[in-house]
Amino acid sequence: MENSVFVKIGKFFLRILEGIVIFISAFPLVLIYAPLRNLYKRFSKSVLKKPIKSMPYQGNVRIFRYLDKYIIGETKYAQKNRVFIYFLLPSLSAFIIFVIIPFFMGIYYSFTDWEGLSSVINWVGFANYKDIFTDYKFVYSFFRTIQYSLLSVLFVNLFAFGIALLVTQKLKLKNIYRAGFFMPNLIGGLVLGYIWKFVYSSALPAISESLGPNLSLNADTAMGAIIAVVVWQYAGYIMMIYIAALQNVPQDLIEASKIDGASAWQRLKAITLPLVAQAFTISLFLTLVTSFKQFDTVIALTNGAPAALLPEWIQSFMNESTRSILSMNLMALDIYNTGWIENKFSVGQAKAVVFFIFLLIVSVIQVTYNKRREVEL
Amino acid sequence: MKRQKTSLILLEVFAALLLLVVFFPFFLVIVNAAKSISDILTNPIGFQGVSFAKFFSNIKEILQSTDVKYLNSFINSTIITTFSLLAIGTFSGMAAWVLVRTKTKYSSLIFLLFISGMVIPFQIVMLPLVRFMESITAFTGIPLRDTYWGVVLVYIGFGSPLSIFMFHGFIKSVPIDIEEAAIIDGCTKPQVFFKIVLPILKPIFVTLLVLNGMWIWNDYLLPLLVISKNGNVRTLPLAVANLAGSFVKQWDLILTSVLLTAIPVIILFLFAQKHIIKGMTSGAIK
């Protein structure tokens with residue numbers, strides 16, 4: 001097998017990862033040794049009346065001397081380091097085992113042809129990546145995800161900022177409004193998807209019968225329908241961030257500008273917006289990431305449907321004929337379906353790597369761009 | 001002055017109308033959970049066919065349904081959420097504290113590692129994660145999938161980056177003098193953390209309880225992969241998905257189960273509203 005070297009490297013890599021896990025899980029045992037030794041020392045001093053001077057491991061072996069000085073002994077360093085390790089270990093080990101290691105495994109698997117179940121793993125290089133970029137379904141889903149994210153980021157933030165401005169006015173029931181607008185966010189994406197599935201499939205058609213226009217879900221309206229759901233769910237959460245920022249805008253600045261004769265629009269543009277720029281950075285980042293990762297709502301609401309025709313520019317770009325395609329098969333859903341439902345593990349993984357890199361680039365650009373527009377008070 | 005008053009009233013009316021629009025789906029859920037399926041199909045919006053008897057029989061059917069196992073799933077969700085929240089809060093607080101107070105290159109390196117974890121989307125980790133959990137089980141014999149502690153451990157892994165980041169920012173602004181005074185008075189370092197630092201961290205702890213709680217209680221994808229669909233520790237979202245999968249058009253049952261899933265969280269929210277909103281707004285901007 002020409003690829004066997006890479007497979008061996010990969011397997012070697014996996015062994016190392018396993019070793020790390022065993023090492024991490026064995027580490028607490030090493031640490032327990034220190035307090036036990038202290039106990040024994042005290043015991044031997046007071047009961048046995050014969051204080052011990054050296055411990056069995058304190059020979060000339062360098063690693064033991066090192067361990068004694070820095071981790072399990074009674075030196076200043078060791079005591080400090082022990083607290084550091086004890087306190088860090090629970091979250092760090094869970095993080096490494098369940099996030100970092102699977103992350104690198106995932107990148108490795110995207111270069112193989114592993115199907116998940118078989119034990120045969122062949123290194124295929126960039127073949128999976130070549131496959132997914134020549135697959136019109138993936139290109140279309142990539143395009144739709146970008147389209148969807150841009151629209152939902154725009155609308156969620158517009159609505160959220162608008163509502164935040166509204167409920168920071170001197171309204172009588174403003175606390176009720178805040179709580180009320182926030183409430184949809186308490187309900188998870190999946191449950192919410194079912195609620196809106198009912199709204200779109202039963203309630204809205206019943207309303208539209210009496211009003212006239214047809215409001216049922218089809219390929220043209222599905223995007224708007226899902227964005228409406230996301231705005232309904234997420235605007236209340238983002239509103240909270242804007243409210244916190246708006247409350248930090250000093251009132252004397254606003255009062256001064258009122259006396260100087262600034263209109264409401266001028267006040268918003270010249271004072272409020274620059275001062276809440278930090279909140280914009282955070283909110284745009286949060287909405288961008290969540291809309292890219294949108295999964296629960298879509299799977300409950302349409303599960304990728306309704307079907308649509310492949311747009312013409314993708315047809316000519318990819319040399320495809322006219323094809324029918326799932327119009328709301330966004331990337332997060334596509335990765336899940338490819339990797340988990342269709343069992344094309346490595347292909348799904350390659351899609352996930354592309355997804356990750358794209359998300360990383362976009363969010364870095366967004367954050368650096370927004371950071372430059374922030375003003376310090 | 002008078003003009004301002006009328007515009008305020010207009011704004012008030014507008015906000016109230018908007019609130020009604022926002023509440024409309026909730027209204028539909030509640031109304032239709034109290035109807036029979038034929039009444040829903042003929043009239044999904046109005047009050048026609050609403051009866052308490054039907055409401056209770058729907059609820060009874062959901063409670064007894066083997067597709068949902070509501071009580072079972074509810075308890076599972078509660079256990080998983082509670083333990084994950086407490087573990088994430090305490091462990092991340094501990095980690096963030098030593099990371100701030102130890103100024104070595106290791107501590108900044110480890111902090112950087114945690115921060116980089118925030119940009120890793122779940123989608124790239126999910127498939128290898130399941131395989132890796134299975135291979136750990138095969139290797140050590142400790143079952144991780146379909147167990148409470150397995151799910152909780154995974155949540156600790158995924159929840160700690162954001163939590164450590166927020167604790168880190170907060171602890172940096174806490175003066176070190178109190179801790180030094182406590183050490184002079186004879187506290188050991190762990191005592192300093194649990195008796196002095198942890199109470200100071202309370203506001204950010206509440207924020208994280210809210211944020212992580214909403215995430216973990218409602219999470220669907222992670223339990224879907226880590227817990228198999230018919231496993232013993234199935235959470236509420238999985239149960240609802242299971243029901244909606246097997247009764248596709250039975251809106252009376254689906255909406256009742258939706259109501260039963262949402263109600264506990266909404267009740268909790270109404271009771272702890274003040275803390276939750278305060279926690280959200282104080283933590284969100286940092």
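Q: Hi! Leaving aside its neighbours within four places in sequence, which residues is Asn58(B) in contact with?
A: Asn58(B) is in contact with Ala33(B), Lys35(B), Asp252(B), Leu253(B) and Thr256(B) once those sequence neighbours are left aside. Contact here means heavy atoms within 4.5 Å. A word on the source: this is a predicted model, where local features need pLDDT of at least 70 and side-chain atom pairs count only at pLDDT 80 or more, while totals for chains, interfaces and linings use all residues. Residues are numbered from 1 along each chain as its sequence is written, chains are lettered from A and ligands numbered from 1 in the order in which they are written, and side-chain values use heavy atoms, leaving out hydrogens and water.

Q: Thanks! Where is Asn58(B) found?
A: Asn58(B) is found in helix 3 of chain B, residues 52-64. Helices (H or I, at least four residues) and strands (E, at least two) are DSSP runs, numbered from the N terminus.

Q: And does Asn58(B) count as buried or exposed?
A: Asn58(B) counts as buried, at 0% relative accessibility. Buried is under 20% relative accessible area, exposed is over 50%, and partly exposed is in between (1.4 Å probe, protein chains only).

Q: Let's zoom out. How many helices and strands has chain A?
A: Chain A has 15 helices and 2 strands. Of its 377 residues, 51% count as buried.

Q: What about contacts along the sequence of chain A: what percentage join residues at least 24 apart?
A: Taking contacts in chain A between residues at least 6 apart in sequence, 69% join residues at least 24 apart.

Q: Now some helix pairs. How do the axes of helix 11 and helix 15 of chain A cross?
A: The axes of helix 11 (residues 277-292) and helix 15 (residues 345-372) of chain A come within 9 Å and cross at roughly 165°. Axes are lines fitted to C-alpha atoms, for helices over the stretch in contact, and angles run from 0 to 180 degrees between N-to-C directions.

Q: Are helix 11 and helix 15 of chain A roughly parallel or roughly antiparallel to each other?
A: Helix 11 and helix 15 of chain A are roughly antiparallel to each other. Under 35 degrees counts as roughly parallel, over 145 as roughly antiparallel, 65 to 115 as roughly perpendicular and the rest as oblique. The residues of the contact of helix 11 with helix 15 of chain A divide into 11 nonpolar, 4 polar and 1 charged. For those classes, Ala, Val, Leu, Ile, Met, Phe, Trp, Tyr, Cys and Pro count as nonpolar, Asp, Glu, Lys and Arg as charged, and the others, Gly among them, as polar.

Q: Over to chain B. How are helix 4 and helix 7 of chain B placed to each other?
A: Helix 4 and helix 7 of chain B are oblique to each other. Their axes come within 6 Å and cross at roughly 40°. By class, the contact of helix 4 with helix 7 of chain B has 19 nonpolar, 9 polar and 2 charged residues.

Q: And between the chains: how do helix 14 of chain A and helix 6 of chain B cross?
A: The axes of helix 14 (residues 331-341) of chain A and helix 6 (residues 122-140) of chain B come within 10 Å and cross at roughly 20°. That makes helix 14 of chain A roughly parallel to helix 6 of chain B.

Q: Which residues meet there?
A: From helix 14 of chain A, Ala332(A), Ile335(A), Tyr336(A), Gly339(A) and Trp340(A) meet Gln123(B), Met126(B), Leu127(B) and Val130(B) in helix 6 of chain B. They divide into 7 nonpolar, 2 polar and no charged.

Q: What about Val125(B), where does that lie?
A: Val125(B) lies in helix 6 of chain B and is buried, with a relative accessible area of 0%. Leaving aside neighbours within four places in sequence, Val125(B) is in contact with Phe98(A), Val99(A), Pro102(A), Phe103(A), Ile120(B) and Phe158(B).

Q: Last one: what is the phi of Asn343(A)?
A: Asn343(A) has a positive phi of about 60° although it is not a glycine. Asn343(A) lies in the loop between helix 14 and helix 15 of chain A, and is partly exposed, with a relative accessible area of 29%. In chain B, Asp146(B) has a positive phi of about 65° and is not a glycine either.
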